[in-house]
Amino acid sequence: MTPKTPEQLASTVDGLMDGLRADLVRLAAIPSVAFPGFPSGPVEEAHDLVAELLRDAGVTGVERLDLPDTAPAVYGEIPPPHPGAPTVLLYGHYDVQPPGDEALWLSPPFEPTPVDGEEEALRARGIADDKANVIAHLGMLRAYGGRPPVGIKIVIEGQEEYGSAFDTYPPSDPARFACDAMVVADLGNLRPGTPTLTTGLRGAAEVVVEVRTLDEPRHSGEFGGAAPDALLVLLKALATLHDVHGDVAVEGLRREEWSGTSYTEEEFRALAGVRAGTPLMGSGSLGERLWSGPAVTVVGLDAPGVAHAASAVVPYARAKLNLRFHPRQDPGEAQALLVEHLRSLRPFGVPLTVTPGDTGPGFEAATGGPAHRAARAALAEAWGEQPSYVATGGSIPLVNGLAQAAPGAEVLLFGAQDSMCNLHAPNERVLLSELRGTVVALGAFVREYAADFAAGGDGTRA
């Protein structure tokens with residue numbers, strides 16, 4: 001029976017959870033790392049399993065999308081149940097981050113394991129990011145017996161974590177991705193049990209700054225004090241990127257107050273692993289520092305290592321910077337502001353060599369349309385309270401490609417992860433209660449969104 005009421009939907013999903021858990025375990029056991037140097041066999045295996053699961057859930061026209069130098073994506077459709085019904089695009093990815101140092105894991109990263117021996121949570125690499133969200137899409141389709149009240153287009157990517165040609169592919173094939181709304185399930189709740197809609201993604205840019213002052217190292221006793229030390233020059237330059245409070249001091253980078261929900265300081269300290277007694281950087285609210293303002297991080301430094309350091313003036317030093325910027329700031333503009341800031345410096349009279357690298361745009365979702373109205377109602381139904389709005393400092397490059405391919409579609413960002421799931425870190429885990437809530441929310445969303453169209457409200461296509 002197709003669930004028509006919240007009670008019927010919740011009961012149906014509860015009956016599906018054992019099977020969804022089993023399929024999540026199957027998928028998470030596959031080490032589908034699409035980074036260079038990792039075998040391609042597991043990536044292909046995960047692709048094939050996702051395609052099989054979607055076919056079994058009623059998705060028609062399941063096909064493999066191959067793009068240059070990119071792991072294959074799975075694509076499929078379910079036609080709208082009638083001509084006036086909307087179409088919803090569902091997105092997720094089956095590839096995962098590398099496991100990192102396996103000695104830091106409490107159990108093998110590709111052996112899904114109950115956390116602390118309990119069945120309510122499972123630990124494995126990629127089980128939250130993003131395989132639980134793939135299974136959540138599957139659960140919604142099963143809840144409706146493969147015949148949801150909306151048309152479905154579903155794309156499960158295979159190389160999101162490393163970056164791929166798929167990021168820019170959708171605008172070149174707009175008919176394939178045409179839809180009225182899309183659910184990008186590659187994130188989740190601010191904290192477990194708190195329904196959350198993500199409305200903004202900060203953009204990202206990379207810059208490399210380097211200094212060469214001498215032909216080769218020179219004895220620090222004989223030459224130090226007059227010979228220009230490249231590392232000191234670089235450190236003086238890097239110190240100008242932040243003010244005395246730790247706020248970014250690059251002129252022109254956009255920063256606004258944050259009006260949505262955010263972490264408490266205690267939550268953030270625990271999540272970031274901040275040592276007791278160490279102050280946080282910056283001023284203003286956490287939301288402003290993390291989401292609606294810029295951040296500059298030194299992610300790499302080339303300089304002599306302490307263990308084998310000689311007593312010599314350093315001739316060469318280099319740093320790689322990662323810039324995160326406001327969702328609405330142009331990536332080229334943001335990167336150029338950082339580059340020009342550095343190029344304008346002459347620490348101790350020495351010029352810097354500054355090289356811009358990759359950029360990625362941010363994204364800000366509109367929140368006033370019928371899809372967001374349906375999503376808010378759906379999240380409240382699933383978790384029993386009104387949803388919060390947050391942003392994220394991370395980026396999902398494909399979102400902009402999908403938005404360009406379907407410019408009239410509303411973009412919804414929610415899913416089965418939560419901010420405490422250790423994504424990209426050792427001992428990543430997913431809570432089965434979050435998976436269940438996401439399946440219910442997806443099922444309630446398509447029901448509410450279809451009803452809006454049927455009623456001829458402002459959700460009707462233009």
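How many bridges join strand β2 to strand β6, and do the two run parallel or antiparallel? The legends below answer this and describe further close-up views of a predicted model.

**View 1. Strands β2 and β6 pair side by side in the sheet.** Strand β2 covers residues 73–78 and strand β6 covers residues 151–157. The two are joined by 5 bridges and run antiparallel. One of the residue pairs is E77 with K153, the latter being the bridge partner in β6.

**View 2. An open sheet is built from 6 strands.** The strand order is β1-β2-β6-β3-β7-β18, and the pairing is mixed. β1 (60–65) and β18 (410–413) each have a single partner strand, so one side of each is left without a neighbour in the sheet. From one strand to the next, the twist averages 15°.

**View 3. The largest cavity lies between residues of nonpolar class.** Rolling a probe the size of a water molecule over the atoms shows where empty space is left. With a cut-off of 30 Å³ or more, the count comes to 1 cavity. The volume of the largest cavity is about 40 Å³. Its lining consists of V50, L53, L54, V134, I135 and L138. Helices α2 (41–56) and α3 (127–143) each supply at least two of the lining residues. By class, the lining has 6 nonpolar residues, with no polar and no charged ones.

View 4. Strands β9 (196–201) and β17 (388–392) each supply at least two residues of the lining.

**View 5. A domain taken from the UniProt record covers residues 199–344.** The unreviewed UniProt entry gives this stretch the feature "domain: Peptidase M20 dimerisation". Over residues 199–344 the chain is 27% helix and 24% strand. The C-alpha atoms at the ends of the stretch are 35 Å apart.

Technical notes
Residues numbered from 1 in each chain as written. Predicted model: local features only at pLDDT ≥ 70, side-chain atom pairs only at ≥ 80, totals over all residues. Heavy atoms only, no water. Pairing = 2+ DSSP bridges. Helix = DSSP H or I, 4+ residues; strand = E, 2+ residues; numbered from the N terminus. Axes fitted to C-alpha atoms, helices over the stretch in contact; angles between N-to-C directions. 1 Å grid on protein atoms, 1.4 Å probe; cavity = no way out; pocket = protein on both sides within 12 Å on 5 of 7 lines; lining within 4 Å. Points joined across faces, edges and corners; volume = space filled by probe spheres on them. Nonpolar A, V, L, I, M, F, W, Y, C, P; charged D, E, K, R; others polar. UniProt positions renumbered as here; feature names shortened; annotations may be inferred.
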